[in-house]
Amino acid sequence: MYLKYKWAANEQRDAYQMLEVFASDYASRIGFDLHNPDAFAEHIDARVLANLSGHAEAAEDTRTIHLLARFYFKQAEWLTTVEQTVLLSQEAQAKAGLSTGESSYARQFVRRESIGVRRGRGSMSRSGQASRDGIRTSDDGRSKQDAQYLYELKGGQIDKAILEAYHAATVLDRKWYKAWHQLALRHFLETQRYQIEHGHITEDMAVNHVVPAVHGFFRAIQLSKSDTTLQDTLRLLTAWFDYCEFESVAQAVRDGYNSVSIRTWLQVIPQILARIHIKAESTRRLVQQLLVEVGKSHPHAIMFSLYVAARSEHVERSLAAKDVLAKLHDMYPKLVEETELVSRELIRITLPFPEMWTKSIYSLASKYNGGHGISEIARELQSHYKRLYNPETLREYQFVQEFGKELSVAYESLLQYYNARNRTHSLALLKQAIDMYWRINCRIERQYPFRKHLVLEDISPILYQCRDMSVAVPGSYNPDVDLITIQSFKPDVEVHRTAQLPRQMCIQGSDGNEYTFLLKGRDDLRLDERVMQLFGLINSLLSKDSETARRSLAIERFPVVPLSSNSGLIGFYSNSNSLNDIVTENRKAVNQPNRLELNLALQFTPNWVKLTTMQKVESFEYALSNTPGNDLQRAMWYKSSSAEVWLEHRTNYTRSLAVMSIAGYILGLGDRHPSNILIHKRTGKVVHIDLGDCFEITWHREQFPEKVPFRLTRMLIKPMEVCSTDGIFKHTANHTMRVLRANRESLMAVLEAFVYDPLVSWAYLQETDNSAGTNYTKQYRTLSQDGQPDKHTSKRHSSSSTGGLESSTKQSISNNDYYFADTKGWNTGNPKAHAIVKRIHDKLVGTDFSNEQLDVSEQIEKLIRQATASENLAVLYSGWVPFW
């Protein structure tokens, strides 16, 4: 304890040298050689047996061995801190030497002084701050000097010293989870560092670092108190899939495969399925064998996911999944057949023929610009024609009779364009085809107007007749509780009039409860599935910390079940309203226009688009100063049955908003417009939906980039009442960030797997297609069902980095099941992926604003200022509704 105190008091040199002396003394007592620890391992079992026999001397040796393991472990931990401090200092000096001003990266993320702050929000005493800064600077200076001394003391061999110390700890205490985890992690990080520097991994690196990492992760998983440790399992998969071309690595995985429980793999099924078609034959066979074993013990955990892979347009991926399903069919024929039926029919409901064709025709029209960017939509149309020529329901037969011939003629014109030798001279054929498609689309919209309520018997008579199935209710499977199966599907289906027209449907469970889902089409939910995985880990970390557990801090989650690459089920969060609906309802009650603030801003400065940033800020603050912006605050007060209920709702609201704000910041979650934020009616808790824009992708748009870390507008601040963000919100944010930073290794494991996952990485690693044109979009404006411009489409167009085509591009790629992403493999060598991982790491260590490490309170203060800065909010696109 004394040495820990000296280290914490920035006396690092003295603390480490004293620890080395103690370790050397204890090692000499038992004859342990740090540089040859394996030789000592042979004698440990004999000492343990002697201890069990009651020999006093052996018992003392056992205690010495146990304590020495802790000494070496702490040495490795401290040397790791020394290494990080020195490298961070070197990086800061290198950047300072490049230019006297700020780097472009720093300017991008460091918040400028807010006009709102200059008016008094969150100001601090300069003299008091200067005094604290002086003390901190003195302590930091001494800490850096000690770190530099210890770094140089190891003579450039600090990496070797860290590995030796961790290895010694595992030899001395072979059942210590922390030692095995840290040893494996260190080998894993050494491998990644080498690959970044050299661009490849050698056979020696694989043997000396990847293989020990694999063995270490397997051993850590065995020793963990729970059935699985998510961070170890994910990093094990990364090491396996990244370097499976080395036979030594593949053999290490085969050796450890049977040493862990089959439940170990349940939490990482999405990551395993992403590599079901990996090129290395031995690894591919082992992956398929692993999936069969998981399916044998827990069939309900992987059945829907297997059918997503089986429907892939990537031939090898599809065949691999079908092979696994065939083997599971021999074990559970009824379950496999019923799962296929349910998933197939649900996909059919997501996109009935009229919607399927109108959406594709809109995408085709928006891509029209001399033929560029049409190929993805053309491939999508191929799958549509397969459905068109094979109708199954009465409604589909009627549609084919009415439009089948015209659609076939239009497709022939499109094929003539593609088959032409010189497409440049055949643009007339393309224009003719698109004109024909557009005329068909106009007829479809007139003949099939929007319907809010559908009857399941009409759109899927097969599902309507299903009773007492063996399929588990989607997203409900838990190996520790009784299985809940599908008893029936409710006959009524409600259509929500939003951009993707999701269907709301209910499933009657075998436990007597109803489970409500949103059935979404043309939207890849594998992204949301990975985000829910991350939120589950964050909730687990928050529940283990005494301060956050006492406040019941957690992120509200819901089941996400992909059905294909562009459709899936999302658990419906009942008894909640979106922020948009709450404000709209409140303003309608008092006869106020929804665009009240925007109208005032436009009156103040009519030519909003042409204004400079400072002019927009002036107009923005003029609108805020002349409107109350208290709609949510009033709604929460009026809808509470008593003051006590209101106080509880306010506390829940503020805490949940703070937790999700920090989690969203770490994830880089964007597009937090009012329709993507729900508030629970009975608890006041905040729920975020539509989680596809991750890793700050919205920060890098060419038009209307987002410059706020999370949504913290005045509409969200007002319900916090008198303390504003300085009360519960900041306190909760501090605790949440403290827990996340303390467990950054676990978070980085999940986020790295997310970044490098080939099935989801396309969204933020692909190059933006700026050449896609909008000529045809301007000619044929997107209309909603009532003949007016679709507000959702307009919003997407205004926010897109490609003049309005980002959403269309996203949809068209997702409908091809990421064919190109599937063929590229794990994206560990992608520079953008490395930049994303580095950015996440900076957030979790407090260097996200500058090279100087910030403590948690300073980091939260800067984030709040950045989120509330008028110059950051004023430049956002109107669909984000920054005035609210």
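Strands S6 (residues 560-564) and S7 (residues 567-571) are antiparallel and share four bridges, and two residues lie between them in the hairpin they form. Strand S6 is mostly covered, with five of its five residues buried; buried stands for under 20% relative accessible area, exposed for over 50%, and partly exposed for values in between, with a 1.4 Å probe and protein chains only. The model is predicted, so local features need pLDDT of at least 70 and side-chain atom pairs count only at pLDDT 80 or more, while totals for chains, interfaces and linings use all residues. Residues are numbered from 1 along each chain as its sequence is written, and side-chain values use heavy atoms, with hydrogens and water left out.

The protein as a whole comes to 41 helices and 10 strands. These elements are DSSP runs numbered from the N terminus, helices being H or I of at least four residues and strands E of at least two. Of the 884 residues in the protein, 55% are buried. Where contacts join residues at least 6 apart in sequence, 75% of them link residues at least 24 apart, a contact being heavy atoms within 4.5 Å.

Val493 and Val495 make up the covered face of S3, and Asp492 and Glu494 the uncovered one. In a regular strand, side chains alternate between the two faces of the sheet. Strand S1 (residues 453-455) runs antiparallel to S3 and is joined to it by three bridges, with valine 455 having aspartate 492 as its bridge partner in S3. Strand S4 (residues 503-509) also pairs with S3 in the antiparallel sense, here over two bridges, and glutamine 504 in S4 stands opposite glutamate 494.

Three strands in the order S8-S9-S10 make an open sheet with antiparallel pairing. Strands S8 (576-578) and S10 (686-688) are at the edges and have a single partner strand each, so one side of each is left without a neighbour in the sheet. On average, neighbouring strands of this sheet are turned by 30 degrees against each other, direction ignored. Axes here are lines fitted to C-alpha atoms, for helices over the stretch in contact, and angles run from 0 to 180 degrees between N-to-C directions. Three bridges hold the antiparallel pairing of S8 with strand S9 (residues 677-680), and serine 576 stands opposite histidine 680 in S9. Helix H26 (residues 579-589) lies across S8 and S9 and runs at about 80 degrees to S8. Helix H26 is also among the elements that cover the buried residues of H27, which include helix H28 (613-625) and helix H31 (714-717). In helix H27 (residues 596-604), the buried residues are Leu596, Glu597, Leu598, Leu600 and Ala601.

Helix packing comes next. Two packed helices are described by the angle between their axes and the distance between the axes. For helix H18 (residues 353-366) and helix H21 (residues 427-447), the axes come within 10 Å and cross at roughly 140 degrees. That angle makes H18 oblique to H21, given that angles under 35 degrees count as roughly parallel, over 145 as roughly antiparallel, 65 to 115 as roughly perpendicular and the rest as oblique. On the H18 side the contact has Pro354, Trp357, Thr358, Ile361, Tyr362, Leu364 and Ala365, which meet Ile434, Tyr437, Trp438, Asn441, Ile444 and Glu445 in H21. By class, the residues of this H18 and H21 contact are 10 nonpolar, two polar and one charged; Ala, Val, Leu, Ile, Met, Phe, Trp, Tyr, Cys and Pro count as nonpolar, Asp, Glu, Lys and Arg as charged, and the others, Gly among them, as polar.

Proline 352 sits in the loop between helix H17 (333-350) and H18. Proline 352 is partly exposed, at a relative accessible area of 23%. Its C-alpha atom is separated by 8.8 Å from that of arginine 395, 43 residues apart along the chain.

Helix H24 (residues 526-544) and helix H33 (residues 744-756) pack with axes 10 Å apart at an angle of about 175 degrees, which makes H24 roughly antiparallel to H33. Leu527, Arg530, Val531, Leu534, Leu537, Ile538 and Leu541 of H24 make this contact with Ser746, Leu747, Val750, Leu751 and Phe754 of H33. The contact of H24 with H33 comprises 10 nonpolar, one polar and one charged residues.

Terms used:
Two strands pair if DSSP finds at least two bridges between them.
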